[in-house]
Structure formats: C-alpha cells, structure tokens
Amino acid sequence: MSARVLVVDDEAQILRALRTSLRGAGYDVETAETAEGALAALAANPPDAVVLDLVLPDGSGTAVCRELRTWSSAPVIVLSVVGDEAEKVAALDAGADDYVTKPFGVDELLARLRAALRRADAPAEPVVEVGELRIDLEKRAVSVGGEPVQLTPHEFALLRVLARDPGKLLTHTMLLREVWGRGYGDESHYLHVYVSQLRRKLEPDPARPRFILTEPGAGYRLASP
Amino acid sequence: MKTGVVRAAACAAALAVVSGAIELLKGHVPVLSLAVLYLLAIIPVAIAWGSVYAVAVAVGSMLVFNFFFVPPLYTFTIADNRNWFALLVFVITAVVVSELASRSRRRAEEAEAALRALRKLTEERERLAGEALEAEALRRSDALKTALLRAVSHDLRSPLTAILASADALASPGLRLEADDRRGLAETIRCEATRLDRVVEQLLDLSRLEAGAAEPHRELWHVDELVGQALAGLGAEAGRVRLDIGSETLPVEVDAAQVERVLANLLENALRYSPPGSQVLLRSEPGATELRIHVIDSGAGLPEAQREALFQPFRRGAAGHGSGLGLAIARGFAEANGGRLWAQDDPGGGHLVLTLPFAERRLAVNA
C-alpha cells in the first residue's frame, strides 16, 4: 500500500503541481487549503506524512503542526520562504521534521519526504555509519576510516544527539538543550563553535562537510547513512 | 533724545563724584595738583560717547574746580594762568581721547560689519551647497531607480522569455517533440526560474540594505563554517574554489546568513570573471583584531581607477552578465557586520579583501 500524504497550501497552482508530482512518485495525495481544513483532514483520515505551508489564510502552519503533535508523530515537512527564518525555526521547534524553501525543486521535496518516512519506520541503531564515519553509541567510540578519534565529553554528546536520528534536522534550541541542558536554549554561538571543532576532528575537508551538515539559520543534521 | 538726557546726567554725576573725591583729599594733598583727577571723568566719557560730551565735561570740570577749590573760593576767577593751562590740557585730552576711541570704535564696527557680511555669505554658500547636495542626491537616486528599472526589466524579462517559450513548446499540441527535447525544455525552465529567484533575492537584499533594515544577528562562527555555507550555495562551480584556511583561527562575531551572502557573491564574481575551468583561491589570514579573507581569481583584474566602481550597484565588468548588484550587496553586508571590503592591487588578477571582526566575547562553556 502506498503512503498517504496530506498537502496543505493555499496557492492553487502550487497545490496542483505538488499533487501531480507526488502522485507521479507513487503517493496517495490529499489536499487542504486552510489550517482548519488541514486539521479536519488530519483527524478524519490520519496521513503517513504532511507537507505543510507555513502561511495559511486562517492561521500559521506552526499552529497546525503543534496541534498535530499532540496526538500524531507522522512526519511533517514545512514549506517556508526566504526571509521568514524565524517562523521556520518555530515550526521545527514545534515538531516539524524538515523544511524546504520556496521556490523548491520537486526532487528536493521528494527526497526530504522519502527520508522522513524512512526515519519514521527505522528502529534506533546502536552503531551509526555515514560513509567513513562510524559512531558506536553504546561504546561511545568514534572512528573515521577505521582510525579512532578522541572527542571531549561535550563533542561526543553533540555527535550522539545528531546520530540518534541520522538525517533528521535538529534546531539550535534542540541541540543546545540536549547537550548543555535547559538553560542554554538561546546560546547558539556555543553550538557553532563546537560544531566547527567537531568537524575539524571528523571531516577530511571541514569547509566542505560530508558528515555534519549545516542548515543555515535553522540547525544541523547528520548526513543520512 | 532720551539718551542725550541720560548721558548729560551721567556726565554731571561723574563730575560730582570726582569733585567729592577732591573735597575728601584736599586736606592731605595740595589742592591744585588734584585737578588732574578730572581726567578720570573726562577719559571714560570721551571713550564712550565722543568729543562733544567729553569737551563739555572738560569745561565743566574746569568751572567746578575753579568755583569750589581755587581761591578765592566760590567765585569764577580764571585770573591765574595755571587754570587756563589746566583747562587747555583737559580739552585737548578730551578731544584726543575721544578721537582715538571713536576711531577704534569705527574700526570695530567695520570689522563687525565685515564679519556679519562674511557670516551671511557663508550661510548663503552653505544653503546653496545643501541645496546642490540635495539635488545631487535626488538626481542620483533617480539615476539609481532608472538603472534599477533597466536592470530589473532586463534581468527579469530574459529568463521569463525563456520560460514562456519553453512552456509554450511543451504545451503546444502541434509540435512533435522527442523525449530529449522535452527534457531539455523542462531543464531550461528550471534553470531560468532559478536565475529569476536569484535576481529577486538580490533585489530584496539591496532594498533591505538601502532601507537600513539589514540589522545583523551576530553570533560566534568559525570561518570554515561560513565558507562552507557559501560553497554549498554555489553548486557544481564550488569545485573550482581552492581553499587555504588556517584551522586554528579565532571565531568571528557576525550574522552567518549575511556573511554567507558576502562570500557567495565574492566567489560568484571571481568565478564569473576568470577563465572557464580556472581556479579561484580563497585564503584566510588572521590579523590583530580581524580576520582577512582574500578572494583571488586569475581574470584580468582591474586598473586602480575602476576598482571603487565595482561596489556601485549596476556596474558590471566587461564580461557583462549578472545583475551587477553582487558586490554592492557584499560591501553593504560586510559593513553592517563591522567588516570592510575592497579591491586590492594584484598583478595576478582580481583580488578582493574582506575583513571580519574577531569575537570580543569568550566562550563560557568548557569543552
């Protein structure tokens, strides 16, 4: 049975293009044009994934996402626009799994959707491998190309949070709270500097990272295995 | 009229005061030598009000002195030659002092008048200069708008034309297209739409900068992360960029999205103006308080006279593609983040230098 996707956007042309592309890719597609319509469709027939525009005529996608998260863990991919980074981050913090920025390519959206659906099914692995990088979460051991790498406790804690859900975008706030604790939600500059340190230990070319990827203005993710 | 009365009264008062003083002193000093004290009344009057009042005070002094102090007392007898001589000295003093005073007063007035004229002239010139400046600013902003409209209509229309033509070809039932043709047309639409998006983004950046709305959100970043984000946005062309970044530099304190835009624009510019397939070098070099980032291409470079013009909106080099906004935006964002951006002399090719301030705050979290 193919996965069911609810697409929420108030632009008829965008809706039409997405419906055509997603059906072409083998998904069952439902659509809604308002926040209220989206919540009704979600409750009536819970989908496997949601593609959600952040700006809707009767409310924000973020509110829809927050509401959905009270009873469902279906992956949500939000559609954002340049210049509205704050709303995008709010949606991610409210439980959205990923985002694409308008105007986006359908290939990119499909890739994000596939990855999100795969993650939703995948059991947590004690050993994560991304290319040459190997992270053993139980033994707390990290190696690149078979060579063990020494990490400080904070560096390992940061890598562990990313590795628990490879491919998942984690916002600055999520990472800071997981690694440094509740009081550090706003101090994202710590994070940038530690990510740089971590990359220098792991990445062959830190300015062209392959393992720890930056999502500008939003957060970081470990590359998908 | 009123001033005349006031001055006459003041003169009489001065006479009375000096006479009183003489009355008090005459027991101690020979009275005839005290006549000289009347000069104390005559000189100030001469300086302040001129010779008419001064001569009157001089004659008055003479009469009062004669009447009250020169024997025989309480009579006007100017029999003594010494009295005539005193009167003469008083009158000459009055005339000479008042002449000197009035001359210096005139000179002061002339100087003041000249000063007033000069001030007025300066004000006039400042006003004119201000108006000229305003007119120049208006003219420039008009010129800017004209250039903007021209650039916008060109940069928006040419991709739109390609998109429309491709879409028409795809939609036309009368055309027999091979699968490869369809793919090619679709690819054109995709490419040109991406180009349009880039132009719109640049226009938004520019208008944000012009409106002073580009308030940076400054955080600590290592340069390799900023460069990495810029490279990620360049696509396949990023392979032509060679990096020489010191690994142990201090973090800089900047808005990552804005600096990423600066770096991306510098790299795009360098890639555009250097021969196809050639490499562009990005080198970072720590200074005392700032990080210097050099972007060096192997293009033709620019003579010194044309270098500043690079950073004006809508100027583009000989190769002539791109909207000509990239470097203007780059400088705007660089300066908004406390940095600088300039073109450096380099016989090897184009050479742009960006500085970014090192972070002042230290990390409080231990590793």
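Two strands count as paired when DSSP finds at least two bridges between them. With that in mind, let's walk through this structure, which is a predicted model.

Our tour starts with a sheet in chain A. Five strands build it, in the order E2-E1-E3-E6-E7, with parallel pairing, and the sheet is open. Strand E2 (28-32) and strand E7 (98-102) of chain A sit at its edges; each has a single partner strand, so one side of each is left without a neighbour in the sheet. On average, neighbouring strands here are turned by 20° against each other, direction ignored.

Strand E1 (residues 4-8) and strand E3 (residues 49-53) of chain A pair in the parallel sense over 4 bridges. Look for Leu6(A), and you will find Val50(A) of E3(A) standing opposite.

Helices come next. Lying across E3 and strand E6 (76-81) of chain A is helix H3 (residues 61-69), which runs at about 155° to E3(A). Helix H4 (residues 85-93) of chain A lies across E6 and E7, running at about 170° to E6(A).

Finally, move along to another sheet. In general, the strands of a sheet pair through backbone hydrogen bonds, either parallel or antiparallel. Here 3 strands of chain A form an open sheet in the order E12-E14-E13, and the pairing is antiparallel. Its edge strands are E12 (170-171) and E13 (212-215) of chain A, each pairing on one side only. E13(A) joins strand E14 (residues 219-222) of chain A in the antiparallel sense over 4 bridges.

Technical notes. Residues are numbered from 1 along each chain as its sequence is written. Chains are lettered from A and ligands numbered from 1 in the order in which they are written. This is a predicted model: local features need pLDDT of at least 70, side-chain atom pairs count only at pLDDT 80 or more; totals for chains, interfaces and linings use all residues. Helices (H or I, at least four residues) and strands (E, at least two) are DSSP runs, numbered from the N terminus. Axes are lines fitted to C-alpha atoms, for helices over the stretch in contact, and angles run from 0 to 180 degrees between N-to-C directions. Two residues are in contact if their C-beta atoms, placed from the backbone, lie within 7 Å.
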